[in-house]
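Here is a short briefing for someone meeting this structure for the first time. Please look it over, then read on by topic.

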2 protein chains.
Amino acid sequence: MSYDLWYWPGIQGRGEFVRLVLEGAGIPYRDRAREDGAEALVRDLAAREGFKPFAPPYIVDGAFATAQVAHILAWLTDRHALGSGDLATDLQLIQLQLTVTDLVAEVHDVHHPVGADKYYHEQKNEALRAAASFCNARLPKYLGHFEGALGVTEGPFVLGAKWSPIDTSLFQLVEGLTYAFPQRMAALKPDYPRLHAVRDAVARIDRIAAYLASDRRIAFNEDGIFRHYPELDAA
Amino acid sequence: MSYDLWYWPGIQGRGEFVRLVLEGAGIPYRDRAREDGAEALVRDLAAREGFKPFAPPYIVDGAFATAQVAHILAWLTDRHALGSGDLATDLQLIQLQLTVTDLVAEVHDVHHPVGADKYYHEQKNEALRAAASFCNARLPKYLGHFEGALGVTEGPFVLGAKWSPIDTSLFQLVEGLTYAFPQRMAALKPDYPRLHAVRDAVARIDRIAAYLASDRRIAFNEDGIFRHYPELDAA
């Protein structure tokens, strides 16, 4: 069995949260648009019928296709026993993952506060104001929330000794935020030791380490969600 | 059995998507912050331990509390048999609900493109540009997606003759968007007949009709998600 993952080639973006889980758990998949190109993705999405994805990433298993990162990860968690095995706890992991989704959307909107239909340089003035609000008000609030969730167990992972998809997602958040806002994240780092510890622990998972060293891991760049525009960063 | 729903009193906001399902399905609940005030909500949230909600709305059932509208609705769907009974279909309803969540966040960001930590009048210039992008590019894309989903069955509801939480959510979207952008929604109305038909069908559900006529239904206002600022609307 192998899944098809469809996401824009050339960026980590939202697809990376799915890739990290597939890679970390050793679940076979094909990264279809990286094999066949963005046009193939556009064609595949347009040809789908019934309840179709609104946007990539989406995952396909035979006749079943579904989108939304947190939803895909909950589905994979259920099928591949990636969670705690306790329903109430697994529900809380979904809640946490949806909060990751919210933060990712806010990170995107920092460089696109006016709209995704316009280039960054067309909304740079608005982005300067949005970045200040995000880095000062929202970012510490989110990081503090995840730091608190990581304190429910002894760590290093949210569930303790076993990693689950929320951990690879927190890894990706720390990596992406540090790429986008290096000064701000460096200034905040002492306040969030568990978040940096889970980042380090995820990077040491054998399959994740192999993935990060491979050419399957796309480098961060200024077409993705996490973009480094120096003018938007400040300690 | 009765749930506690915690959400900001005085606005429909994200809480309304939960209220409509509780009301429509006749599920007993207490709207705690409307009884006890916003300070009680702040205290309750701060006192929670373990995997706590990042923000309201959240629902409480004894020792279990969880947040995120789409997650709350999936949980209620499971517990109260509000879905199709078919796993693959119910997963698609969750996917659709998460797309509602995305649209709701974008609607909020139209009047707060710089950040939620600043008042509208402090970001009105940015909001004027964001509103044009939203109304021209994003709104038709979302409405078209939901119109397509409503075409999977004969209607009027997404699943056909039986309503489910996605339908009350689509009702709320049409109501809220029409309140916020009356000119734009009037211009678009002929293109989305199924979306307006589901809005009408939901309004005719006995318990929903009784709820909408009651003082439990808060009026739309300019503290909520859907705000009518005439300068942001155009046909």
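Two strands count as paired if DSSP finds at least two bridges between them. Helices (H or I, at least four residues) and strands (E, at least two) are DSSP runs, numbered from the N terminus. This is a predicted model, in which local features need pLDDT of at least 70, side-chain atom pairs count only at pLDDT 80 or more, and totals for chains, interfaces and linings use all residues. Residues are numbered from 1 along each chain as its sequence is written, while chains are lettered from A and ligands numbered from 1 in the order in which they are written.

**A hairpin in chain B**

- Strands β3(B) and β4(B) run antiparallel and are joined by 4 bridges.
- B:D61 has B:F64 in β4(B) as its bridge partner.
- The hairpin has 2 residues between its strands, and B:G62 takes a positive phi near 65° there.

**How the two chains relate**

- Chain B superposes on chain A by a rotation of 180° with 0.0 Å of shift along the axis, at an RMSD of 0.0 Å.
- The two copies are therefore related as by a two-fold rotation axis.
- Superposition is by least squares on the C-alpha atoms of residues with pLDDT of at least 70 in both copies.
- Within chain B, the residue closest to the rotation axis is B:P113, at 2.7 Å (C-alpha).

**Where the chains meet**

- Two residues are in contact if their C-beta atoms, placed from the backbone, lie within 7 Å.

**Nonpolar cores**

- A nonpolar core is a set of buried Ala, Val, Leu, Ile, Met, Phe, Trp, Tyr and Cys residues joined through C-beta atoms within 7 Å. A residue is buried if 20 or more other C-beta atoms lie within 10 Å of its own, exposed if 12 or fewer, and partly exposed in between, with C-beta atoms placed from the backbone.
- The largest core has 66 residues, and B:V18, B:L73 and B:L170 have the most contacts inside it.
- Helix α5(B) gives the most to this core, with 10 residues.
- This core lies between domain 1 (3-79) and domain 2 (87-205 + 224-232) of chain B, because both give residues to it. The domain bounds come from an automatic or database domain assignment.
- Not counting residues up to four places away in sequence, B:L170 touches B:F146, B:L195, B:V198 and B:R199.
- A second, separate core has 65 residues, including A:W6, A:L22, A:A74 and A:W163.

**Helix α1 of chain B**

- Helix α1(B), residues 15-25, is mostly covered, with 10 of its 11 residues buried.
- Among the buried ones are B:F17, B:V18, B:L20 and B:L22.
- Their cover includes β1 (3-6), β2 (29-31), β3 (58-61), α4, α7 (165-180) and α10 (206-213) of chain B.
- Just after this helix, B:G26 takes a positive phi of about 65°.

**Backbone details**

- The peptide bond from A:P56 to A:P57 is cis, with omega near 0°. A:P57 lies in the loop between α3 (38-47) and β3 (58-61) of chain A.
- A:P156 lies in the loop between α6 (124-149) and α7 (165-180) of chain A.
- A:Q68 is not a glycine, yet has a positive phi of about 80°. A:Q68 counts as buried, with 26 C-beta neighbours inside 10 Å.
- B:A81, also not a glycine, has a positive phi of about 50°. B:A81 lies in the loop between α4 and α5 of chain B and is exposed, with 10 other C-beta atoms within 10 Å.
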